[in-house]
Amino acid sequence: MENRPEWMSDPSLSNIEENKLLFLSELVTGCQGKNQKELMAFMMAKMKQAKAEAISFSSAEVGTVINAIKKYSTPEELQQIDNLMKKAPVH
């Protein structure tokens, strides 16, 4: 994948499968600039893709990925992540 986000190369992610990291990268970039209606449609499509490709994450993987992303995020991105995590059903 060209233009691979820096967070994907973080050593803490070495035990997470590449296809999962690519899925998350697509998820992150695909959410940018969408209004709520577009975001819901996009998220539903990604959930369908995850189910079809049997992509799932353990809570430990989620935490590790979030920490890696945060390491490489700007203050504005950190605020967005924090806001998103407050709305997420699982922490």
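Leaving aside neighbours within four places in sequence, L13 makes contact (heavy atoms within 4.5 Å) with W7, M8, L21, T64, V65 and A68. The model is a predicted one, in which local features need pLDDT of at least 70 and side-chain atom pairs count only at pLDDT 80 or more, while totals for chains, interfaces and linings use all residues. Residues are numbered from 1 along each chain as its sequence is written, and side-chain values use heavy atoms, with hydrogens and water left out.

Along with W7, L21, L24 and V65, L13 is among the residues with the most contacts inside the largest nonpolar core, which has 15 residues. Such a core is a set of buried Ala, Val, Leu, Ile, Met, Phe, Trp, Tyr and Cys residues joined through side-chain atoms within 4.5 Å; buried means under 20% relative accessible area, exposed over 50%, and partly exposed in between, with a 1.4 Å probe and protein chains only. Two or more residues of this core are given by each of α1, α2 and α3, where helices (H or I, at least four residues) are DSSP runs numbered from the N terminus. Helix α1 provides the largest share of the core, four residues.

The buried residues of α1 are K20, L21, F23, L24, S25, L27 and G30, and they pack against α2 (36-52) and α3 (59-71). An α-helix has 3.6 residues a turn, so residues three or four places apart point the same way. Just after α1, G33 has a positive phi of about 75°.

The packing of α1 with α2 can be described in some detail. The two helices pack at an angle of about 170°, and their axes are 10 Å apart. Here, axes are lines fitted to C-alpha atoms, for helices over the stretch in contact, and angles run from 0 to 180 degrees between N-to-C directions. Helices α1 and α2 are therefore roughly antiparallel to each other, a label for angles over 145 degrees. On the α1 side the contact is made by F23, E26, L27, G30 and C31, and on the α2 side by L39, F42, M43, K46, Q49 and A50. These residues divide into seven nonpolar, two polar and two charged, with Ala, Val, Leu, Ile, Met, Phe, Trp, Tyr, Cys and Pro taken as nonpolar, Asp, Glu, Lys and Arg as charged, and the others, Gly among them, as polar.

F23 illustrates this packing well. This residue of helix α1 is buried, with a relative accessible area of 7%. Beyond four places in sequence, F23 is in contact with K46, Q49, A50, I55 and F57. The C-alpha atoms of F23 and Q49 are separated by 9.2 Å, although the two residues are 26 residues apart along the chain.

K20, in helix α1, is buried at a relative accessible area of 10%. Not counting residues up to four places away in sequence, K20 touches I55, S56, F57 and E61. E61 lies in helix α3 and counts as buried at 17% relative accessibility.

K34, in the loop between α1 and α2, is partly exposed, with a relative accessible area of 33%. Leaving aside neighbours within four places in sequence, K34 is in contact with L39 and F42. The C-alpha atoms of K34 and N83, 49 residues apart along the chain, are separated by 16 Å. In the loop between α2 and α3 sits A54, which counts as exposed at 69% relative accessibility. Its phi is near 55°, a positive value in a residue other than glycine. Most residues other than glycine have a negative phi.

K51 of helix α2 also counts as exposed, at 73% relative accessibility. The C-alpha atoms of K51 and G33, 18 residues apart along the chain, are separated by 25 Å. Finally, Q80 is found in helix α4 (residues 75-87) and counts as exposed at 57% relative accessibility.

Technical notes: Parallel < 35°, antiparallel > 145°, perpendicular 65-115°, else oblique.
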